[in-house]
Amino acid sequence: MAAYGKSIHASARREAADSPAASCADCHGSHDIKPSSDPTSLTNHFSVPDTCSRCHGNAATIEKGK
C-alpha cells in the first residue's frame, strides 16, 4: 500500500476524485488477489502487460486521464 501511495496513479487520484487512474483493485483484483509469483495473478510478470493495457490500451481512459 505504501508503494501505491507514492505512485503516479495515486497522485492522479488525489488531484482529481473522478480520475480514471488505477486503484489497488484495478491491478490486483478484489476477491481474487494472488501473490505475483502465482502464474494466474494479475501482477505476475507475464500478466502485467495485459493487466496494464486494460487501461493504458483503452482510448477512452487515456483521453479522460490525459
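This is a predicted model: local features need pLDDT of at least 70, side-chain atom pairs count only at pLDDT 80 or more; totals for chains, interfaces and linings use all residues.
The backbone oxygen of Asp38 lies 3.3 Å from a polar atom of the side chain of Asn44, and the backbone oxygen of Ser36 lies 3.0 Å from a polar atom of that Asn44 side chain; a polar contact here is a pair of N or O atoms within 3.5 Å, where within protein one must be able to donate a hydrogen and the other to accept it, and residues adjacent in sequence count only if both atoms are side-chain atoms. Residues are numbered from 1 along each chain as its sequence is written, and side-chain values use heavy atoms, with hydrogens and water left out.

Staying with Asn44, this residue sits in the loop between helix H3 (24-28) and helix H4 (48-56), helices being DSSP runs of H or I with at least four residues, numbered from the N terminus. Is Asn44 buried or exposed? Asn44 counts as buried because its relative accessibility is 5%, and buried means under 20% relative accessible area, exposed over 50% and partly exposed in between, with a 1.4 Å probe and protein chains only. Leaving aside neighbours within four places in sequence, Asn44 is in contact with Ser36, Ser37, Asp38 and Pro39, contact meaning heavy atoms within 4.5 Å.

By contrast, Glu15 lies in helix H2 and counts as exposed because its relative accessibility is 68%. Glu15 and Lys34 are 19 residues apart in sequence and, C-alpha to C-alpha, 29 Å apart in space.

Now to the cysteines. How many disulfides does the structure hold? The structure holds 0 disulfides, a disulfide being a pair of cysteine sulfur atoms within 2.5 Å. For Cys52, which is in no disulfide, the nearest cysteine sulfur is that of Cys27, 6.0 Å away; for Cys55, also in no disulfide, the nearest is again that of Cys27, at 7.1 Å. Cys52 counts as partly exposed because its relative accessibility is 38%, and Cys55 is partly exposed too, with a relative accessible area of 27%.

Notes: Helices (H or I, at least four residues) and strands (E, at least two) are DSSP runs, numbered from the N terminus.
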